[in-house]
Amino acid sequence: MKLTNKLVIEKAKELGFDLVGFSRAEQLVDESVQLKKWIDSGYNSKMSYMERNFEKRFDVSTILPNAKSVISLGLNYYSEEKHNEEKGLGKISRYAWGKDYHLIIWEMLEILEEEFLEIDSSFESISYVDTGPVMDKVWAIRSGIGWQGKNSNIISREMGSWFFIATIITNFEFEYNEIKSDFCGSCTACIEACPTNAIVEPYVIDSNKCISYLTIENKDEINIEFKNNFQNWLFGCDICQDVCPWNKKFATKTSRIDFRPINKELNLAEIYALDEEKFKEEFETSPIKRAKLTGLKRNAKFIDCSGT
Ligand code: SF4
Ligand code: SF4
């Protein structure tokens, strides 16, 4: 059996991936210039890891010496439930409602890469979900998965933007997909809806202003200037995806039960009562653990009108 595009797509879909695309493992010349510009503008805020391993982001052959292709995969996590806007509750971004996607996708990738290796023992690969020094969105664009929306998310014409991206760098050659056109057109819904004006220009997010960054990666106090703009977002923010017409029209419910809503909102009073042990127990397999207990309490206090 030969490892072809068709077979890769078949195996990936059998495992549950929704989108699969292929791109040539070239140096990311223009995209690296854009990334550098974004970092030089300070838009990565304190995510200094974005400044490291630039060579690896630029050229995946510094990760896998014999790299020929990049396979980009998308996994739909959309659940159609809506948030409860009740006072005293903090909203959780949709991607974190269920089990930590890293745990799920790492396992899927391991199985997939083993299957490829069984088909051809010369198959070599290194894969990432979100955490490595690869420009996963850029590869998803180059692999024809979707285009980058003005809110910076990758949008698929088939299912909108509610999907995780995984990336496999491999020594195998495939037929490569064409880059998709940008279908944002004259729409500016995400830019207008962002409550903190974090989309400073189309396709450019200033993390210093983005609720997603401020409530998750950020380790500092949240600037008081945003006090009345958080709309009860406790962990992450979905506003610029919720308003996107591509999501309104094409989002389809995920088939993965792991992403079913467990933590759609959290009770702020209950967060104040958590200690480290309870926090670990409660969020061990949830993406919410990323904010740590101190971050979650800080966020709760920030959005809590009673200011407990
Ligand atoms: S995630 Fe929220 S704060 Fe960040 S750009 Fe989108 S709407 Fe704005
Ligand atoms: S809301 Fe409009 S401009 Fe923003 S990403 Fe969606 S289609 Fe593009």
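Predicted model: local features only at pLDDT ≥ 70, side-chain atom pairs only at ≥ 80, totals over all residues.
Residues are numbered from 1 along each chain as its sequence is written, and chains are lettered from A and ligands numbered from 1 in the order in which they are written.

User: How many residues does domain 1 give to the contact with domain 2?
Analyst: The protein chain is divided into domain 1 (5–81 + 98–170) and domain 2 (189–250 + 261–303), with bounds that come from an automatic or database domain assignment. Their centres, taken over C-alpha atoms, are separated by 24 Å. Counting two residues as in contact if their C-beta atoms, placed from the backbone, lie within 7 Å, domain 2 gives 24 residues and domain 1 gives 24 residues.

User: Which helices each supply at least two residues of the shell around ligand 2?
Analyst: A residue belongs to the shell if its C-beta atom, placed from the backbone, lies within 6 Å of the ligand, and the residues found there include K150, C187 and W246. Helices are DSSP runs (H or I, at least four residues), numbered from the N terminus. Those that each supply at least two residues are α6 (189–193) and α9 (245–250).

User: How many charged residues does the shell around ligand 1 have?
Analyst: Among the residues surrounding ligand 1 are N151, C194 and I239. With Asp, Glu, Lys and Arg counted as charged, Ala, Val, Leu, Ile, Met, Phe, Trp, Tyr, Cys and Pro as nonpolar, and the others, Gly among them, as polar, this shell has 9 nonpolar and 3 polar residues, and the number of charged residues is none.
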